[in-house]
Amino acid sequence: MTTIEKTKVAPTGKTYHDDLAIVREELDKCMKCGNCMSVCPVYSAEKLETSVTRSKIAVAEAVLNGELELDDPQVYDMLFNCLVCKSCMTGCPTKVDFGRIIVALRAALVRKNGLPWLKKMIFSTMKHPKLFDAGLRIGAAMQSLAFKSDKSGKAISPRSPFALVGGGIGFDADRQMPSLNITPLRERVPEVVNADNAWLKVAFFTGDSLNYFYPDAGMDLIEVLTANNIEIHIPKAQNCCGVPVLVHGDIETVRTLARNNIDTFDKTGCEYLITGCGSCGGAWQHDYTDILAADPVYAPRAEYWAKRTYDISTFLTRVITLRQPKGRVERVVTYHDSCHLKKSMKVFVEPREILKSIPGITFKEMSAPDACCGSGGSYVLSHYETSSIIGRKKIDDINRTKADTVSVGCPACMMQLLDNVHRGGAEQDVVHYISLLAESYRKEKGVKDTA
Ligand code: SF4
Ligand code: SF4
């Protein structure tokens, strides 16, 4: 029997999201060998036994055995001192699925105590896409009160009174982050983007980060697909993939988001779903099938889409034959493997293939390109100090390559790296790898690039 068959739906009809006991079989696999110490970014930053995977597994065992309470403050701190990066799953000799364990633990905590009010308010709003969208647009319109643009216009930083208050969570005056866009990606394009001589249609799940923070990268992805004669369906009714909510254990909200997304994409009639973010792609490939496994209506639909979800790089290089780029992009480029793109979607060869096929690019590999950047969604806010130590290691590795451009496949990593390259002093460009391909296509046509 495979791990998936064992853990998806228990005889009780529940998944591990609803019953912590279902992950006991994963806990039992852990030999406490400590191999995860060498790959866990939190342990490498803090050097505390409580930070490492096996300690969290020991805590889960103690909770299940009735020896510890989930809401014990020390237990709580351990459970949330984790980036959910899944690095510990790569070298584990017994293949412990820690991704499931940590989600099951946090979900059990939410069942016991509910969500803190702030998370509850934000996650509830996410279930209402129009309300969520309106909130972010108001935020975009008001952000200049608290943030100012940097000289390049590519990033914003907190203004001084806010920087004083926010310093503890990294919102000091030096912080750089992308601005919230007044016109999000899905407002810039029609729901169906036609292409010349289209021979295939695909659906594009933008995710919230590309939609609100990096719409230019989303436009580059669309431009690349149309240059390859692909028609693109971009439903406006899509909502967040749910991963930021899942990792906080709010299972009811993730199920609502997943069902809404499935309903929305079913209507496109497409057979391929394209993502430009490892977390979004991982949700469609793995999380939706797990979280809806006991739902007789949605489980088959989730399975349908899981088999048809591709990161844009995989789609371009494995499903179709990419139109070879000819325009020269004179850059020295390195590539950061985002945790969810490499460890969930198993995508790491394809973006490099694309980058190396672009004329003019000199590709430089880091010594540890798949080391976590320390983002972890809200971890960068809740554990800013540890996140910064992890981020600095990544920047040292980037600086050693002498690259002038850091390419990435996940918007959350782009945010973390934008801030960290700025603090690191070298100020490399941080871009989605698809933007470099789009740049090459534009150069081929003689279009001057402003990126
Ligand atoms: S590497 Fe795997 S088996 Fe070893 S301690 Fe870590 S989680 Fe347990
Ligand atoms: S998921 Fe990442 S941060 Fe969490 S225990 Fe595993 S390696 Fe460490």
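Biologist: At what angle do the axes of α4 and α6 cross?
Modeller: In this predicted model, helix α6 spans residues 98–113. Helices are DSSP runs of H or I with at least four residues, strands are runs of E with at least two, and both are numbered from the N terminus. Axes are lines fitted to C-alpha atoms, for helices over the stretch in contact, with angles running from 0 to 180 degrees between N-to-C directions. The axes of α4 and α6 come within 11 Å, and they cross at roughly 50 degrees.

Biologist: Some ground rules first. Local features need pLDDT of at least 70, side-chain atom pairs count only at pLDDT 80 or more, and totals for chains, interfaces and linings use all residues. Residues are numbered from 1 along each chain as its sequence is written, while chains are lettered from A and ligands numbered from 1 in the order in which they are written. Now, which word describes how α4 and α6 lie to each other?
Modeller: Go by the angle. Under 35 degrees counts as roughly parallel, over 145 as roughly antiparallel, 65 to 115 as roughly perpendicular, and the rest as oblique. The axes cross at roughly 50 degrees. The pair α4 and α6 is therefore oblique.

Biologist: Which residues of α6 make the contact with α4?
Modeller: Contact means C-beta atoms, placed from the backbone, within 7 Å of each other. From α4 come Thr-53, Lys-56, Ile-57 and Ala-60. From α6 come Phe-98, Ile-101, Ile-102 and Leu-105.

Biologist: How many residues of that α4 and α6 contact are nonpolar?
Modeller: Ala, Val, Leu, Ile, Met, Phe, Trp, Tyr, Cys and Pro count as nonpolar, Asp, Glu, Lys and Arg as charged, and the others, Gly among them, as polar. The contact of α4 with α6 has 1 polar and 1 charged residue. Its nonpolar residues number 6.

Biologist: Is the crossing of α4 and α5 left-handed or right-handed?
Modeller: Helix α5 covers residues 73–80, and it packs against α4 at about 135 degrees with the axes 10 Å apart. The two helices are therefore oblique. A crossing is left-handed if the near helix is turned anticlockwise from the far one by less than a right angle, and right-handed if clockwise. The crossing of α4 and α5 is left-handed.

Biologist: Which residues of α5 make the contact with α4?
Modeller: On the α4 side stand Ser-55, Lys-56 and Val-59. The whole contact of α4 with α5 has 4 nonpolar, 1 polar and 1 charged residue. The α5 side gives Val-75, Met-78 and Leu-79.

Biologist: How does α17 lie relative to α19?
Modeller: Helix α17 is residues 312–319, and helix α19 is residues 349–356. Their axes are 8 Å apart and meet at about 75 degrees. That makes the two helices roughly perpendicular.

Biologist: Which residues come nearest to ligand 1?
Modeller: A residue is near a molecule or strand if its C-beta atom, placed from the backbone, lies within 6 Å of it. There are 15 residues around ligand 1. The shell has 9 nonpolar, 4 polar and 2 charged residues. The nearest are Cys-30, Cys-33, Asn-35, Cys-36 and Cys-92.

Biologist: Which elements give two or more residues to the shell around ligand 2?
Modeller: Ligand 2 has 14 residues around it, the closest being Cys-40, Cys-82, Cys-85, Ser-87 and Cys-88. The elements giving two or more are α3 (41–46) and α4 (53–64).

Biologist: Is Asp-250 buried or exposed?
Modeller: Asp-250 sits in the loop between α13 (243–246) and α14 (251–266). Buried means 20 or more other C-beta atoms within 10 Å of a residue's own, exposed means 12 or fewer, and partly exposed is in between, with C-beta atoms placed from the backbone. Asp-250 has 26 such atoms, so it is buried.

Biologist: What is the phi of Lys-86?
Modeller: Lys-86 lies in the loop between α5 and α6. With 19 other C-beta atoms within 10 Å, Lys-86 is partly exposed. Lys-86 is not a glycine, yet its phi is positive, at about 65 degrees.

Note on methods. Two residues are in contact if their C-beta atoms, placed from the backbone, lie within 7 Å.
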